Amino acid sequence: MSYKLLSLDGGGSWALIQARVLQDLYGDIRGHELLREFDMAIANSGGALVLACLCNDMKINEIISVFEDGEKRKQVFSALSFWEKLKWRNIASSFTRVLGPRYSTERKLEGLRDVLKKADHLFHEKTIERPIIDTPLNQLPLMIKKEKLELIIMGFDYFRRRSSFFRSNSKSVTDKFSEYFEVTLADAIHASSNAPVNYFDAPAAINLSLFNKNDHRKTWYWDGAVGGFNNPVLGGLIEAITNHPEVELQNYCILSIGTSTGSRTVLTDLKYSTDPTMRDIYYKNKNNNLTITDTSSGFLSDVKKLATSILDDPPDFATFIAYSILDPTLTKNRAKLVRINPCITPEKDGNNIYLVPKVYEKHDKEFIALMDLDMDAVEDDQVKLISDLCDKFIVTTRPCISNQLIRGDKNSIHLGQSTYKEAKEQWLITCN
């Protein structure tokens with residue numbers, strides 16, 4: 001008996017990539033139909049918004065429009081006003097572009113509810129009594145018409161300083177050590193999509209209700225990425241294994257979709273290498289805008305790096321550990337785990353000089369702008385860069401943007417697929 005799991009990374013506006021990938025894999029179907037293809041869906045932040053849209057029974061093309069529509073984006077990423085920046089908690093953003101929050105947490109919840117409520121065709125057709133976005137997670141599987149479907153959204157408890165799993169499964173074995181709290185889809189997404197320090201100005205205040213008891217509470221959350229779950233695939237696999245001991249490991253089928261990875265090539269360590277060939281690569285690229293060679297650091301840059309690093313997913317963390325659980329021998333393609341995630345990284349030529357990827361050969365400025373683009377891509381020209389990335393990644397021909405490997409190098413032994421075409425083919429084999 002197979003068990004299919006969909007995992008969606010966080011990444012703000014970059015979650016457009018996930019909607020484009022799902023459209024290519026499944027066509028322009030409605031969200032509930034797509035979710036019925038899986039036994040579990042787990043998501044964080046931007047991926048949690050994609051999952052919310054699927055729960056909202058929106059067509060994939062409608063989900064894409066949520067990310068491509070500037071008005072909708074700015075409802076979620078609602079910029080702080082001049083006076084809001086003067087508040088003590090936001091004061092850093094008044095003096096530097098490097099550090100400090102940019103968006104209102106409070107208005108984000110209003111924006112999420114408004115965008116999804118307007119797109120809720122089941123509510124407007126009076127098929128259901130209340131908007132899906134205001135429905136508790138544990139009631140969604142029945143609404144989706146797959147009662148055994150498990151939905152999980154990641155968050156990080158601000159005061160307790162620990163990760164939280166917002167589950168639809170009120171009887172989860174993994175959660176048997178604590179009581180089950182009901183939370184609406186809106187509050188779960190709000191909590192999960194609340195990246196701190198450089199993005200939103202306060203923890204997300206949400207309402208919880210102790211299941212079947214008269215105990216309603218308010219509690220506060222940061223983005224699930226703070227707890228290391230920006231890529232939530234490992235949390236999803238552990239949840240599935242503990243709840244379904246009858247499923248053998250070789251029967252898990254996992255589709256893990258990211259929101260891109262990569263940056264300028266880091267060469268800082270080569271400067272001090274005892275191998276002259278490695279030092280030569282460093283000095284050849286010392287003034288190359290596609291590489292990082294400066295080894296200096298400072299307080300502001302350190303804080304910014306810490307604030308943004310929670311959004312990263314090194315290829316040797318969550319996906320690799322999940323693969324290792326499914327197949328400890330680490331045999332390529334034995335574990336049915338497919339990772340789809342575009343890599344935005346320069347390519348090295350025969351002279352050890354780093355250049356833009358061939359698919360961007362005549363578009364150097366666009367590639368550099370893409371590398372510098374933060375997760376909060378709000379302006380139309382910024383989202384166009386992500387859309388163009390999709391056009392260069394979700395293709396069947398070369399040159400193309402490469403796909404993130406689970407482990408290893410594409411030129412040697414590795415786990416995973418180096419192109420989207422290969423990953424898609426592997427998933428179609430895996431899921432059938």
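Reply: The largest cavity holds about 180 Å³ of space. This is a predicted model, where local features need pLDDT of at least 70, side-chain atom pairs count only at pLDDT 80 or more, and totals for chains, interfaces and linings use all residues. Residues are numbered from 1 along each chain as its sequence is written, and side-chain values use heavy atoms, with hydrogens and water left out.

What's a cavity, then? On a 1 Å grid over the protein atoms alone, a cavity is a set of points where a 1.4 Å probe fits but cannot get out, while a pocket is an open set with protein on both sides within 12 Å along at least five of seven lines. Lining residues have an atom within 4 Å of a point. Grid points are joined across faces, edges and corners, and the volume is the space filled by probe spheres set on them. Counting cavities of 30 Å³ or more gives 1.

(Helices are DSSP runs of H or I with at least four residues, strands are runs of E with at least two, and both are numbered from the N terminus.) By type, the lining splits into 8 nonpolar, 5 polar and 3 charged residues. Here Ala, Val, Leu, Ile, Met, Phe, Trp, Tyr, Cys and Pro count as nonpolar, Asp, Glu, Lys and Arg as charged, and the others, Gly among them, as polar.

Now for an open space: the second largest pocket has a volume of about 520 Å³. It is lined by 18 residues, with Ser164, Ser178, Glu179, Phe181 and Tyr221 closest to its centre. Both β4 (162–167) and β7 (216–223) supply at least two lining residues, and β4 gives the most, with 6. This lining has 7 nonpolar, 4 polar and 7 charged residues.

Buried means under 20% relative accessible area, exposed over 50%, and partly exposed in between, using a 1.4 Å probe and protein chains only. Leaving out residues up to four places away in sequence, Leu185 touches Ala52, Cys55, Ile132, Ile133, Thr135, Leu137, Leu140 and Ile153, where contact means heavy atoms within 4.5 Å.

What about the cysteines? There are 0 disulfides, a disulfide being a pair of cysteine sulfur atoms within 2.5 Å. For Cys53, the nearest cysteine sulfur belongs to Cys55, 9.3 Å away, and Cys53 is buried, at 0% relative accessible area. Cys390 is buried too, at 1%, but its sulfur is 13 Å from the closest cysteine sulfur, in Cys400, so that gap is too far for a bond.
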